[in-house]
Amino acid sequence: MTITARELNRATLARQLLLRREPLGAADAVRRLLALQAQQPASPYLALWNRLDGFDPAELDAAFADRTLVKATLLRITLHTVHRDDYRTVREAMQPTLYASRLGYRFAAAGLTPADAAELEPGLLEFAASPRSNGDLAGWLAERVGEEKKDGAWWGLRSYVPLVHVPTGGPWSFEYSPSYVAAPEGRFTGDPEGALSDLVLRYLEGFGPASAADIAQFAMVQRARVRAALKELGDTLEVIAGPEGGMLYDVRGGPRPPADTAAPPRLLPMWDSVLLAYDDRSRVVPPEYRKLVTRVNGDVLPTLLVDGYVAGVWRPVGGGIEATAFHDLPDAAWDALAEEARALLAFLADRDPSVYRRYAHWWTKLPAGQARVLPG
C-alpha cells in the first residue's frame, strides 16, 4: 500500500479535526487529538476553536479547573495539554528522556545526582499535594539542598517530578508565572517501554500515518526505543509506503480521505501541534516556509492554513486580523479567510482581542508578503 503526499496531508487533517469542525466537547476533543501545545496560554483555546463546532471556552476553563485536562511539561519537554487518561502513558513513556535531560546539565552542575533526585522526589510531591508557586517549591528545595544549589535543583525537578500546572486566572486559565500541584498518579515506577507502545498507538490515532522518525520527534525519545515499540506492536499496525518511498505506520482503519477532499482555511494558533508533531513537517508546512513560521528561538507563529497547507501568518491589529500570505492566494481563499477572521475576532473579544501581541516583533523580520487586514 502506498500514500501520496496530498493523501498524507488529508489523513493528517482528518486525524487533527481540521477538515471540518466537529461537534465534540473540549475533553473528548483533546482525547482524540492526544495533545495540544500549551507554551502560550491562549493556544489550546484557539486550537480547539479551529477544530470544534460551537466551541465554548468556558468548557475548557472547567476541564482545566477539575483536572479532566492537565497542563504539564511533557512531549519534547515543552508544555502540553493532555487528557488525564493519557497523562500516565505520556509521562511514563518519556521517563527515560526526562531522566537523561533533566538530571544532567544544570541539575548536575549544581552538584546534584540522580540519587539526590530520588531522595527529594517523594517529599517534593507531598509538599505539592496543595498548589504551590515557583517560589514555594524553590524555597522547599533550598531548605534541603542549600541556597546555592536551589536553582539547579528546581530547574531539573520541575520537569522530572510529575507536577502539573494549576489554573491561576487570566483570560486563558493560566498566566505566565505558573503554580504547580502533584499529579494524582504520583511517582512513576512502571514500564516505560510498555507505555511507549501505548503512546505510539495513541500518536498514530491522532497524527498518523507516520514514520519511526516522526514518532521519535513527537515524543523526543530515542529512535531505537520507537523501533522496538513498532516491532512489538507488529501486525496490529499497517505499513504504508510514503510519498518518498519511506516506511510509514498507521493504526488499522485509520481515516485516510481522498486527495481531493476539500480542506477549509484555518487560522491556527502559535505552536499548533499539527505543525510540530513530525520529523518531516512537509506534510503540512511547505519546506520553503518552515523557517518563516518557526523562528530562530523556537517560536512558532500563528499560521494561515489554505488548502491544507501553511500559506502565511496572522496576528490581531487595530481593525481586524492582519493576514500575510507567502504566495498569491485566489479571491475565494481570501473570502474564506475573511469569514474565519470575523469569527475569530468575535471569539477573542471577550477574552484577549490582542492575543500574541508580545510576539509582534517577528513581523518586522518577515519578507514582504501579500498582507491584508481582514475586518471583524
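Author: An axis here is a line fitted to C-alpha atoms, for helices over the stretch in contact, and angles run from 0 to 180 degrees between N-to-C directions. Helices (H or I, at least four residues) and strands (E, at least two) are DSSP runs, numbered from the N terminus. The model is predicted, so local features need pLDDT of at least 70 and side-chain atom pairs count only at pLDDT 80 or more, while totals for chains, interfaces and linings use all residues. Residues are numbered from 1 along each chain as its sequence is written, and side-chain values use heavy atoms, with hydrogens and water left out.

Reader: At what angle do helix 3 and helix 14 pack?

Author: Two packed helices are described by the angle between their axes and the distance between the axes. For helix 3 (residues 43–51) and helix 14, the axes are 12 Å apart and the angle is about 135°.

Reader: What does that make helix 3 relative to helix 14: roughly parallel, roughly antiparallel, roughly perpendicular or oblique?

Author: Angles under 35 degrees count as roughly parallel, over 145 as roughly antiparallel, 65 to 115 as roughly perpendicular and the rest as oblique. Helix 3 and helix 14 pack at about 135°. Relative to helix 14, helix 3 is therefore oblique.

Reader: Is the crossing of helix 3 and helix 14 left-handed or right-handed?

Author: A crossing is left-handed if the near helix is turned anticlockwise from the far one by less than a right angle, and right-handed if clockwise. The crossing of helix 3 and helix 14 is right-handed.

Reader: How many residues of the contact of helix 3 with helix 14 are charged?

Author: Contact means heavy atoms within 4.5 Å. Helix 3 brings Tyr45, Leu46 and Trp49 to it, and helix 14 brings Glu340, Ala343, Leu344, Phe347 and Leu348. Ala, Val, Leu, Ile, Met, Phe, Trp, Tyr, Cys and Pro count as nonpolar, Asp, Glu, Lys and Arg as charged, and the others, Gly among them, as polar. In the contact of helix 3 with helix 14, seven residues are nonpolar, none is polar, and the number of charged residues is one.

Reader: How many residues of the contact of helix 7 with helix 8 are charged?

Author: The axes of helix 7 (residues 114–127) and helix 8 (residues 134–145) come within 11 Å and cross at roughly 145°, and the crossing is right-handed. Leu120, Gly123, Leu124 and Phe127 of helix 7 meet Asp136, Leu137, Trp140, Leu141, Arg144 and Val145 of helix 8. Among the residues of this contact, seven are nonpolar and one is polar, while the number of charged residues is two.

Reader: Is Glu121 buried or exposed?

Author: Glu121 belongs to helix 7. Leaving aside neighbours within four places in sequence, Glu121 is in contact with Tyr160, Val161, Pro162 and Arg187. Buried means under 20% relative accessible area, exposed over 50%, and partly exposed in between (1.4 Å probe, protein chains only). The relative accessible area of Glu121 is 4%, so Glu121 is buried.

Reader: What is the relative accessibility of Arg10?

Author: Arg10 lies in helix 1 (residues 5–15). Leaving aside neighbours within four places in sequence, its contacts include Leu19, Pro257, Thr261, Asp307 and Tyr309. Arg10 counts as buried because its relative accessibility is 0%.

Reader: Is Ala332 buried or exposed?

Author: Ala332 is found in helix 14. The C-alpha atoms of Ala332 and Met220, 112 residues apart along the chain, are separated by 39 Å. With a relative accessible area of 57%, Ala332 is exposed.

Reader: How many salt bridges are there?

Author: Side chains of opposite charge can pair when their charged atoms come close. A salt bridge is a side-chain nitrogen of Lys or Arg within 4 Å of a carboxyl oxygen of Asp or Glu. By this rule the salt bridges number 22.

Reader: Which residue forms a salt bridge with Asp61?

Author: In this salt bridge the closest N and O atoms are 2.7 Å apart, and the partner of Asp61 is Arg351. The pair links distant parts of the chain, 290 residues apart: Asp61 is in helix 4 (residues 57–65), and Arg351 is in the loop between helix 14 (331–349) and strand 13 (370–374). Asp61 is partly exposed at 22% relative accessibility.

Reader: Are Asp214 and Arg283 buried or exposed?

Author: The side chains of Asp214 and Arg283 meet in a salt bridge (3.5 Å, N to O). This pair also links distant parts of the chain, with Asp214 in helix 11 (residues 212–219) and Arg283 in the loop between strand 9 (266–268) and helix 13 (290–293). Both Asp214 and Arg283 are buried.
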